[in-house]
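Please consult the sequence and the structure shown here while reading.

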Amino acid sequence: YFSSYEDFLDDFDCFAIVKTTENIDIIRKYLIMQGLTPQDAFHKSIEIARDPKFLQETVENAIKETKKSCGIYCMCESPLVPPMWENYADRKKGCCIEFDLSKDPEAFCFPNKIVYDSEILEFDYIKEYVSGNSYKATEPLFHKSANYSYEDEWRIIKVAVHSDKRLWKINPESIKRIIFGSATVESDKKRIKEEAASLGHGHISFAQVISDKTTGKLKMIEV
């Protein structure tokens, strides 16, 4: 499921401070790249420079709409991070899935590692666009506060994903292992195993995360 950034609980997830240049030459070049003739771009750039607030709001709204059109699939590197089970897996009663991304390159293209910032990301979108960095509109989707660095998160972005198109069908062969939480009840584990078997997915292995009392850490055992 490819979520919308608007569904995330952290108000600063996918957030950035977007600045806009007041340089008329840069604005003119930007407008030409948007399809205006050089003459129209010249006159429009002068008009825009007189009202920087309008330009700022226009750019911020455009970036917001671009982000809204993106579907976000979140993954992490390890199943052995306690807060992940508490925050995202029904307080350890759920499960997580380990994927082999090479089995379905279309669905898992392209994973990007999250950048954890101690300060909020800032950029001047028009300057970046004119410099050939139009991807900056979606860059905030790969940034989070350093407070969440323990997650070791990766994200896959699908562009132009609408609310009714956020479910993505994957190749079942890409499901390598299903890992149960330390509090997953036996009936749920049995049901999931039986469902996988009934669908002919015998390649899927199963494991469970438990607390190792000798180390104070989580460890994984096959079940």
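The text below treats the model and its conventions, then the helices, the sheets and the backbone.

The structure is a predicted model, in which local features need pLDDT of at least 70 and side-chain atom pairs count only at pLDDT 80 or more, while totals for chains, interfaces and linings use all residues. Residues are numbered from 1 along each chain as its sequence is written, and side-chain values use heavy atoms, with hydrogens and water left out. Helices (H or I, at least four residues) and strands (E, at least two) are DSSP runs, numbered from the N terminus.

**Helix packing**

Helix H1 (residues 24-33) packs against helix H2 (residues 38-49) at an angle of about 130 degrees, and their axes lie 8 Å apart. H1 is therefore oblique to H2; angles under 35 degrees count as roughly parallel, over 145 as roughly antiparallel, 65 to 115 as roughly perpendicular and the rest as oblique. The axes are lines fitted to C-alpha atoms, for helices over the stretch in contact, and angles run from 0 to 180 degrees between N-to-C directions. The crossing of H1 and H2 is right-handed, that is, the near helix is turned clockwise from the far one by less than a right angle.

On the H1 side, the contact (heavy atoms within 4.5 Å) involves Ile 24, Ile 27, Arg 28, Leu 31 and Ile 32. Their counterparts in H2 are Pro 38, Ala 41, Phe 42, Lys 44, Ser 45, Ile 48 and Ala 49. The residues of this contact between H1 and H2 comprise 9 nonpolar, 1 polar and 2 charged. Ala, Val, Leu, Ile, Met, Phe, Trp, Tyr, Cys and Pro count as nonpolar, Asp, Glu, Lys and Arg as charged, and the others, Gly among them, as polar.

**Sheets**

Two strands pair if DSSP finds at least two bridges between them. Asn 112 has Arg 155 in E8 as its bridge partner.

Another open sheet has 4 strands in the order E3-E9-E10-E11, and its pairing is mixed. Strand E3 (95-99) and E11 are the edge strands, each pairing on one side only. Neighbouring strands of this sheet are turned by 30 degrees against each other on average, direction ignored.

| Strand pair | Direction | Bridges |
|---|---|---|
| E4 and E8 (residues 153-158) | antiparallel | 2 bridges |
| E9 (residues 175-180) and E10 (residues 205-212) | parallel | 4 bridges |
| E10 and E11 (residues 217-222) | antiparallel | 6 bridges |

Ile 179 stands opposite Ala 207 in E10, and Ala 207 stands opposite Glu 222 in E11. Gln 208 faces Ile 221 of E11 as its opposite residue. In a regular strand the side chains alternate between the two faces of the sheet.

E9, helix H6 (residues 186-198) and E10 make a right-handed β-α-β unit; with the strands pointing away from the viewer, the path from the first strand over the helix to the second runs clockwise. E10 and E11 form a hairpin with 4 residues between them.

**Backbone geometry**

In the turn of that hairpin, Gly 216 has a positive phi of about 75 degrees. Lys 92 also has a positive phi of about 75 degrees, although Lys 92 is not a glycine; its place is in the loop between helix H4 (82-88) and E3. The peptide bond from Cys 109 to Phe 110 is cis, with omega near -5 degrees, and Phe 110 is found in the loop between E3 and E4.
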